[in-house]
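Please go through the structure shown here with a set of questions and answers in mind.

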Amino acid sequence: MPKIQRLDDITISKIAAGEVVERPAQVVKELIENSIDAGSNNIIIEIENGGFDSIKITDNGSGINKDELKLSIERHATSKLNRIEDLNEIYTLGFRGEALSSIASISNLKISSRQKESDGFQLNVSGGECGNIEPYGMNKGTIVSVKDIFFNVPARLAFQRRPATESAKIVEITVEHAMAHPKVSFNLQNEGRLMLNVPATDKLQDRLFDLLGLSATKLIELQSPPEDNDAPGDELWSGWISPPELSRGRNDDVHILVNNRVVTSQPFSEAIKRGYHTRLMVGRHPVVVLNLEIPADELDVNVHPTKREIRLKHSWRVLQRLERSIQYTLSKVPTQPEEKSKLTGISKSKSNEINKNIMEVNKPKWVESAGKQLSLDNEIINEINKEKRDKLQISTPPSSQKTLPQMDNEPISAPLSIEERHLHRHSGKIKSISPIEEPKLTTSNINKLPEMVPLCQFANSYIVVQTGKELLLVDQHALHERIRFERLRYSKQSWLPQNRLEPLELSLNPIQSERLRSQKEKVEEVGFLIDEIDGVWYLKSQPAILSPEKILSFINDLIQDLGDEDRILNSVQNLKDHVAFMQSCRGAVKANQILSLPEMRRLLSDMRDIENPWACVHGRPTALKISIDELDKHFGRHG
Ligand code: ADP
Ligand code: MG
């Protein structure tokens, strides 16, 4: 074992930098926060190559004294905290004195600063090594320039995301800070191209309009119920929330500020959800920008190096207040509560199940499952995991069995993930297309399934089918979804761009613009031709797979999904899967929908023409099969 020794300062800083500046977007966040703490009301951010080549932030704040320039990049050197007691009452965004030292240790850094009635000076630092301080001509304020980030930490560089992803994240971070500080003007440029330019204003509403676009005009100002004025506690919620009819597929537009600090919205999301109660479709998320003003000593911001997480002394009380305010605000908006879903395929989930499902959201199941199938002779062709195989049990001789196969209490397939559920719920509002009106598939009986005769429909959700010596119970929605998926996904025509008569203006906010910009080529390969003219986006064509109506909400949801780094939309194939998947679910017949015999016949005939008839796009079975043999056994007719 080597000897224990103290690490040198540069190594310590590099290690610490791992937490504070994990990626370029975080550098931008720290530098914006420093500019705001310095009282700036004008912040200009310029980035190159997603921030990897260069990040430059110019502000008009108080500046740094020449004698303190070197100190500013020392670890735990801060002007914002003097004594330990100060930690209990923090009104600045920074206080740990770690950001500049961390950034300095992993980049080529220049800090130039000029205080009022003084000259400007510049300090050069490379990989933590300080250079000299030189005179520098500039306006009052500070310019921080960060070049070649992670040049001396190749291990970290290797794990970075694509520059396009990073610049999208930087837009997001700038937008969040712009929401938190309307009185500061923000100007963000990527390789010289203007991405965001919002003038200073006294009104949050004006700022939101600049950032969110038209949807901001629909937001409602949060109000507290009158009786809350006398409730204990000095905290105060304010901000804007969306009416129930304005919702998003993901929670990216839930913005929470605590004393004007951007924090992670997660701890507040349950309270928000409860506030909306039944007013919001399950799986949909509101647009909210909420600021909590709370005495600084009731708040611990020193929980995490990036300061995005906070702790509240009376969190229960604060969350209750939020819930009540949302409820009260919405009570004045006249919309109908959502109709209860009748889809039987959607299992009610308990909260722990939801947690489990959150993990599943990240990996789009349907991508893997598209390749899985069961064969009619009770074998699983491609692998279905062992556990499921054990439960399926259909290929073992039925002698030992007490009940019909698959009829035990345990469902054989996992409950729908949150994502699938919300997709289903959402598509529940969209009219389904009768199978009879759909074009025939070009492939004919490729899976060699025998003729199938529909006997009747059970519970308006399952088709009872006779096929040779077997009885099938077919989940009509799952099957139709699969048929539609196969038809849409693999037909070349689906992806041909259909020109629109008139280009459609998409009103995208800066975050959406950047997401789209970063994936433009891929999206075009799928058939969306999109032009950006003077910062306005126009849709010139769309893939034939999509109908021209509803295209706006489709694009909105798609762009949100494009921004999800954990989602695998990084190839054209995946994107096609995703679009076809969204579309196949949207038009499929529903559970609890009466089908005519011709419709059932058509579904069953289409079933023979697709490659994967036995699993729906989520990897769940489309049918339950009971052989006459098994029935005889069950009823004691054997031997
Ligand atoms: P912290 O913000 O936690 O104090 P930093 O490492 O981010 O730590 O910054 C160190 C110090 O450098 C700050 O306390 C502040 O005094 C000074 N400083 C940093 N950026 C600026 C800026 N843009 N304008 C004025 N002073 C700044
Ligand atoms: Mg700081």
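This is a predicted model: local features need pLDDT of at least 70, side-chain atom pairs count only at pLDDT 80 or more; totals for chains, interfaces and linings use all residues.

Residues are numbered from 1 along each chain as its sequence is written, chains are lettered from A and ligands numbered from 1 in the order in which they are written, and side-chain values use heavy atoms, with hydrogens and water left out.

Q: How many helices and strands does the chain have?
A: Helices (H or I, at least four residues) and strands (E, at least two) are taken as DSSP runs, numbered from the N terminus. On that basis the chain has 20 helices and 22 strands.

Q: What percentage of the residues of the chain count as buried?
A: A residue is buried under 20% relative accessible area, exposed over 50% and partly exposed in between, with a 1.4 Å probe and protein chains only. Of the 639 residues of the chain, the share that counts as buried is 51%.

Q: Which residue of β17 is the bridge partner of C456?
A: β16 and strand β17 (residues 462-467) are joined in the antiparallel sense over five bridges. C456 counts as partly exposed because its relative accessibility is 36%. Its bridge partner in β17 is V464.

Q: Is T467 buried or exposed, and which residues does it contact beyond its neighbours within four places in sequence?
A: T467 has its place in strand β17. Because its relative accessibility is 3%, T467 counts as buried. Leaving aside neighbours within four places in sequence, T467 is in contact with P450, E451, M452 and L472.

Q: What distance separates the C-alpha atoms of M452 and V465?
A: M452 lies in the loop between α13 (418-427) and β16, and at 8% relative accessibility it counts as buried. Not counting residues up to four places away in sequence, M452 touches several residues, including V465, L604 and M607. M452 and V465 are 13 residues apart along the chain, and their C-alpha atoms are separated by 6.4 Å.

Q: How many of the residues of helix α6 are buried?
A: Helix α6 (residues 163-180) reaches 26 Å from its first C-alpha to its last, close to the 26 Å expected at 1.5 Å a residue, where the expected span is 1.5 Å times one less than the number of residues. The helix is largely enclosed by the rest of the structure, because the buried residues number 16 of the 18.

Q: Which residue of the hairpin of β7 and β8 takes a positive phi?
A: Strand β7 (residues 185-190) and strand β8 (residues 193-198) run antiparallel and are joined by five bridges, with L196 in β8 as the bridge partner of L188. Most residues other than glycine have a negative phi. Two residues lie between the strands of this hairpin, and the one that takes a positive phi, near 50°, is E191.

Q: What is the relative accessible area of E117?
A: E117 lies in the loop between β3 (108-114) and β4 (120-126), and has a positive phi of about 50° although it is not a glycine. E117 counts as exposed because its relative accessible area is 78%.

Q: How many disulfides does a search of the whole structure find?
A: A disulfide is a pair of cysteine sulfur atoms within 2.5 Å. C585 counts as buried, at 1% relative accessibility. The number of disulfides found in the whole structure is zero.

Terms used. Two strands pair if DSSP finds at least two bridges between them. Contact means heavy atoms within 4.5 Å.
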